[in-house]
Amino acid sequence: MSHPLALAVLAALSLTGCSKSSGAEPDAAGPGSARRMALKPCRLDGVAAQTLCGTLEVFEDRAAAKGRKISLRVVVVPALASQPKEDPLFFLAGGPGQAASRTRILPALERIRRQRDIVFVDQRGTGDSHPLDCDAMNPSRTSLAERFEDREDADVIPQCRKGWDADERLYTTSIAMDDLDDVRAALGYRQVNLWGISYGTRAALVYMRQHPDRVRTAILDGVAPMGQYLPLYAARDGQRALDLLLEACAKDGVCAKAYPDLRARTEGLLARLEAAPAKVHLAHPRTGVPEDFTLTRRVFLSELFSLLYSPDVASLVPLMLDRATKDDWTSFVALSLGLTDEVARTTSRGMFMAVVCAEDAPFFTEEDAEREAKGTWFGSRMALDVKRACAKWPQANVPKSFREPVKSDIPTLLLSGELDPVTPPPWGEEAKRTLTHSLHVVVPGLGHNTVGADCARTLMAEVLTRGSVEGLTPDCGAGLKRPPFFTSFAGPVP
């Protein structure tokens, strides 16, 4: 979800259109028909496919329909077919705060792109859509002392806000989904298919509620329903994923032999870090220059949480924990730095704050945070940090019904990874209860997001082809399982 992992890639930019209303435009009969947004060929880093880019101007204050306008970045990857389907696939990125146009997701959509355009819109506040970037909230990639500094976002938010030409109260999901409908209309599409990942599933659900007639099908991967408050349940859900990992290692003969009593030794490590932060001296993995830094329990656990998102990365966690219990922090630092660039390049921390301070933090208390984190290693700190940071954020308004479950009969495919630390399968089940034409599929052996599994990509393509979940099999990845654990940096034992 938001904290602290993300997807990644780049994009380009071009041209303008104009719109101030939502949902009131005349219908258009397919891609390119009645298109009001100028698009020009552009090149995206790492993408060989033909790509078109443009921008659409919208009022920052949509309700007032006057004042400052902001530009939304739009990227269209045209279908390969000479006569493509009229309904494209719109991708909604995670975070909150990830830029859709900078995600390395296109290769997973080749089957869909044969017949349909793929559309990426940087949500307001992200990417090249009037971003609320905050470098001070992103850890340094050069200094280990700064990278692993233990500080709260609340301490740096005022500094970042001074650099924004924006009313931060106007960067919520509901407003952004009306922006998205303006993009749909400006591109000339009568209906669209939605694919949301992580926070993007919340955005998709909101769009489905606000513009139901415009949605043909929806795919929600890593489901964050309206009853999930960020990051209230992160400690509980993260502990579940960590427990599954440690249990799998204990049941695996090779892992258990390589890392005996790993849970107990890790608990001992956490107790030592709680009593006194570790004083670490090692060479920076990138520069080779020896550095000193202090590592607290909180920072260690925050990094450990992020390593659970991907089972491939998590397969290195037992090795990392084993070495950390022996005061060898080399693998911990190397794994943590491997995630830093992805987060910093693709996530607008200001937009993250704009969403959670309006849509999440007001709906839970400090007592709720303590209750939900009880008995976990991660504790209540993540949720409490957000509450404290949001106390310094301007108060925004969201619709009174915003947190009510989204009720819809739109054909919806829900996908959950069995090992997901932040949107585990029970959240998909919660969303499914009020989606009357839906199918929930849990993919074994996968973590946060399932698009890496061929069977999930097949289901996605089939629901778009059928326009329905009827007849789709709920079985996916029966042969999939957690990747084998590494017993050295050379890899797992065969």
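Which residue stands opposite valine 76 in E5? The close-ups below, all taken from a predicted model, begin with that pairing.

**View 1. Strand E5 and its two partners.** Valine 119 is the residue in E5 that stands opposite valine 76. Strand E3 (residues 69–77) pairs with E5 in the antiparallel sense, over four bridges. Strand E4 (residues 89–92) runs parallel to E5, and three bridges join the two. Here leucine 89 stands opposite isoleucine 118 in E5.

**View 2. The two faces of strand E5.** In a regular strand the side chains alternate between the two faces of the sheet. Strand E5 (residues 118–121) is covered on both faces. Ile118 and Phe120 are buried on one side, while Val119 and Val121 are buried on the other.

**View 3. Inside the largest nonpolar core.** This core has 63 residues, and Phe90, Val183, Leu187, Leu194 and Met353 touch the most other members. Helix H4 (residues 173–187) gives the most to this core, with seven residues. Take a look around valine 183: leaving aside neighbours within four places in sequence, its contacts are Met37, Leu56, Leu72, Val74, Phe90 and Val121. Apart from this core lies another, of 46 residues, including Phe300, Met320, Leu321 and Val333.

**View 4. Helices H8 and H9 where they pack.** Two packed helices are described by the angle between their axes and the distance between the axes. For helix H8 (residues 262–275) and helix H9 (residues 297–307), the angle is about 140° and the axes are 8 Å apart. H8 and H9 are therefore oblique to each other. On the H8 side, Leu269, Leu270, Ala271, Leu273 and Glu274 meet Arg297, Phe300 and Leu301 in H9. The residues of this contact divide into six nonpolar, no polar and two charged.

**View 5. Backbone spots worth a second look.** Most residues other than glycine have a negative phi, and most peptide bonds are trans. The bond from glycine 95 to proline 96 is cis, with omega near 0°, and proline 96 sits in the loop between E4 and helix H1 (110–113). Leucine 230 and proline 231 are also joined by a cis peptide bond, with omega about -15°. You will find proline 231 in the loop between strand E7 (215–221) and helix H6 (234–251).

**View 6. Serine 198 and aspartate 261.** Serine 198, though not a glycine, has a positive phi of about 60°. Its relative accessible area is 3%, so serine 198 is buried. Aspartate 261 has a positive phi too, near 50°, and lies in the loop between helix H7 (253–258) and H8. Aspartate 261 counts as exposed, at 62% relative accessibility.

Notes:
Residues numbered from 1 in each chain as written. Predicted model: local features only at pLDDT ≥ 70, side-chain atom pairs only at ≥ 80, totals over all residues. Heavy atoms only, no water. Core = buried A, V, L, I, M, F, W, Y, C linked by side-chain atoms within 4.5 Å. Buried < 20%, exposed > 50% of the residue type's maximum accessible area, 1.4 Å probe, protein only. Contact = heavy atoms within 4.5 Å. Pairing = 2+ DSSP bridges. Axes fitted to C-alpha atoms, helices over the stretch in contact; angles between N-to-C directions. Parallel < 35°, antiparallel > 145°, perpendicular 65-115°, else oblique. Nonpolar A, V, L, I, M, F, W, Y, C, P; charged D, E, K, R; others polar.
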